[in-house]
Amino acid sequence: MEILFGACVQLASLPHPGFSEELFEVSIWPNQTLVEFGQPLTVNCSTTCPDPGPGGIETLLKKTQVDKGPQWKEFLLEGFTENSVLQCFFSCAGIQKDSSLDITVYKPPEQVILELQPAWVAVDEAFTVKCHVPSVAPLENLTLTLLQGNQELHRKNFWSLAPASHVAEVAISVRAQRETDRCSFSCRAELDLSSQGGGLVHGSSAPKELRIFEFSQSPQIWVSSLLEVGMAETVSCEVAGVFPAGEVTFHMALGDQELNVVLSWEGDTAWANATIRAMEPGDQELSCLVALGLMEQRARQPVHVYRFPPPVLEIEESYPLAGTDVNVTCSGHVLTSPSPTIRLQGAPARPAPGDPAWLLLTATEEDDGRNFSCEASLEVQGRQLTKTSVTQLHVLYEPRLEESSCPGNQTWVEGLMQRLACVPKGNPAPAVVCTWKGVLFPPGVPHKATKNHTGLYCCTATNKLGSVSKDIRVLVQGLEEGVSSTIFVIIIAALGVGVVTLALYLNYQPCKIKKRKLPYRQQAESQEEEDQLQVNQ
């Protein structure tokens with residue numbers, strides 16, 4: 001540039017016929033300039049005077065001469081903070097001329113700030129979308145545009161503002177609706193420098209998301225008013241009419257004990273479930289804090305914690321021998337306060353509150369496996385509570401081989417799978433051993449019956465209290481005999497049914513005849529009574 005400019009100056013300095021010093025010119029390059037705030041600028045001053053005198057540039061800015069020629073000088077100017085006018089001058093033959101340059105200082109919209117006030121807004125309430133640019137110039141060339149997504153909400157320019165104003169901001173008020181939840185808002189700044197020989201400078205804010213919520217109803221706590229010490233109880237806290245229900249948070253506590261909650265929601269309702277286990281009796285408070293956005297609501301529910309263990313049911317001897325006396329007692333637990341009322345099943349009378357109940361009996365074989373139950377009643381906060389304890393009596397007795405479970409005569413059918421039936425009774429459960437012809441023959445095990453199985457079997461049942469033996473006679477019949485016997489039984493059964501039916505019919509028929517003749521018989525008997533009365537008179 002310097003070589004070309006120097007060549008231009010040399011051409012300008014060539015003597016021209018009839019050149020007059022009054023006709024020289026002073027020029028400045030560039031002739032129209034945009035300078036960014038704080039940036040330097042190189043300015044060249046030149047003249048057509050063949051032999052110029054003093055020349056330079058007048059400015060309050062910091063200037064440094066960086067180059068020169070016979071008819072030009074070049075300066076580096078620094079510290080542009082506002083619009084200014086540069087004066088470039090040269091003298092020729094005692095005559096001074098100058099040329100001016102308008103400098104426009106601009107600040108690009110580098111920082112565009114968007115504010116949503118507040119960030120969480122209740123449905124149907126107004127919120128403000130505000131945008132401002134802290135430092136921008138020239139302000140009259142600025143345009144701010146508020147956007148919701150890609151949709152333009154509002155546009156504002158500042159061409160009518162006084163040049164001294166440095167406030168670049170725009171704000172609008174919008175009413176919140178559910179549909180605008182999670183909508184993105186942004187602000188776009190445009191600085192148009194085309195009239196100063198520049199272009200369009202853009203700047204944008206970071207997008208911000210708006211949250212809409214609805215929280216008009218108070219939470220409700222669902223819990224029993226009575227809690228038992230050490231027992232797990234499910235409690236629930238619910239709030240309806242909330243949006244968005246999936247973002248509701250719950251904090252539940254029993255006194256100072258924070259509870260672990262499980263959150264759920266459906267539609268416009270959200271709820272939290274928790275399991276509580278109170279460890280100390282007395283009056284306590286269950287609290288539920290529900291939060292959504294910037295709003296919180298708390299619900300409280302008083303609860304009473306009681307201690308009521310089951311009654312103590314004891315049998316003096318859990319495994320008595322048959323024929324011995326057994327004492328059964330039931331009493332309230334020592335931790336129960338006040339003392340409950342006790343009722344023992346089978347006891348002769350109900351004792352007074354605080355007294356135990358008892359039952360004395362002589363154990364028999366039929367009492368083996370008998371259950372005893374004891375019920376304790378306690379009134380807490382006006383409610384009647386009951387607890388029941390159950391225990392079982394086991395009576396020890398010697399083995400028995402009864403006819404019902406170990407018949408002495410058994411008939412088998414030849415060729416079929418048959419079992420020797422013998423199930424003993426006793427406590428402890430006795431073991432049974434059967435022999436046939438001096439050989440062990442296990443009962444209950446299937447055997448293919450043959451004629452040889454006919455005979456006498458001996459079964460012995462044993463437990464720690466003793467043993468008992470029984471002979472069992474087994475008769476094995478052929479298949480034809482078995483079928484004939486079966487047919488005979490069926491015929492006998494059919495004849496029996498026929499006889500019973502005939503007897504019922506004969507017994508019913510006279511009743512029908514008697515019912516038909518009854519009015520006439522009653523009339524005859526009445527006439528006889530009247531005749532007898534007249535004879536007596």
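Which residues do ring pairs link into a cluster? The residues are W412, W436, F441 and Y457. This report describes a predicted model, beginning with the chain as a whole and then turning to selected strands, rings and contacts.

## Overall composition

The secondary structure of the protein chain consists of 2 helices and 43 strands. Of the 537 residues in the chain, 36% are buried. Among contacts with a separation of 6 or more, 63% are made by residues 24 or more positions apart. The chain exposes about 31,400 Å², and carbon and sulfur atoms supply 53% of that area.

## Strand β6 and its partners

Strand β6 covers residues 72–78 and is mostly covered, with 5 of its 7 residues buried. Two pairings of this strand are described here. Strand β3 (residues 41–47) runs antiparallel to β6 and is joined to it by 6 bridges; within this pairing, V43 has F75 as its bridge partner. Strand β5 (residues 62–69) also pairs with β6 in the antiparallel sense, over 7 bridges. In that pairing K63 stands opposite L77 of β6. β5 and β6 form a hairpin, with 2 residues between the two strands.

## The sheet β31-β33-β34

Three strands, in the order β31-β33-β34, make up an open sheet with antiparallel pairing. β31 (341–344) and β34 (383–393) each have a single partner strand and stand at the edges, so one side of each is left without a neighbour in the sheet. From one strand to the next, the twist averages 20°.

The pairing of β33 (residues 370–380) with β34 is antiparallel and extends over 11 bridges. One of the facing positions in this pairing is L378, which stands opposite L385 in β34. In general, side chains in a regular strand alternate between the two faces of the sheet.

## Aromatic rings and charges

The model contains 7 aromatic pairs. One of them is formed by F127 and F185, whose rings are arranged edge-to-face, 5.9 Å centre to centre and with 75° between the planes. This pair links distant parts of the chain: F127 lies in strand β11 and F185 in strand β15 (residues 184–192), 58 residues apart.

| Charged residue | Ring | Distance from ring centre |
|---|---|---|
| K107 | F37 | 4.1 Å |
| K387 | F308 | 5.1 Å |

## The loop position A137

A137 is found in the loop between β11 (126–133) and β12 (142–148). Strand β11 is also the strand that holds F127. Which residues does A137 touch, not counting residues up to four places away in sequence? A137 touches V105, Y106, K107 and L191. K107 is the lysine whose charged end sits over the ring of F37. The C-alpha atoms of A137 and F37 are separated by 8.7 Å, although the two residues are 100 residues apart along the chain.

Definitions and conventions:
Residues numbered from 1 in each chain as written. Predicted model: local features only at pLDDT ≥ 70, side-chain atom pairs only at ≥ 80, totals over all residues. Heavy atoms only, no water. Helix = DSSP H or I, 4+ residues; strand = E, 2+ residues; numbered from the N terminus. Buried < 20%, exposed > 50% of the residue type's maximum accessible area, 1.4 Å probe, protein only. Contact = heavy atoms within 4.5 Å. Areas by Shrake-Rupley, 256 points an atom, 1.4 Å probe, with all protein chains shown as cover. Pairing = 2+ DSSP bridges. Phe/Tyr/Trp six-rings, centres within 6.5 Å; stacked < 30°, edge-to-face > 60°. Lys NZ or Arg CZ within 6 Å of the ring centre and 35° of its normal. Axes fitted to C-alpha atoms, helices over the stretch in contact; angles between N-to-C directions.
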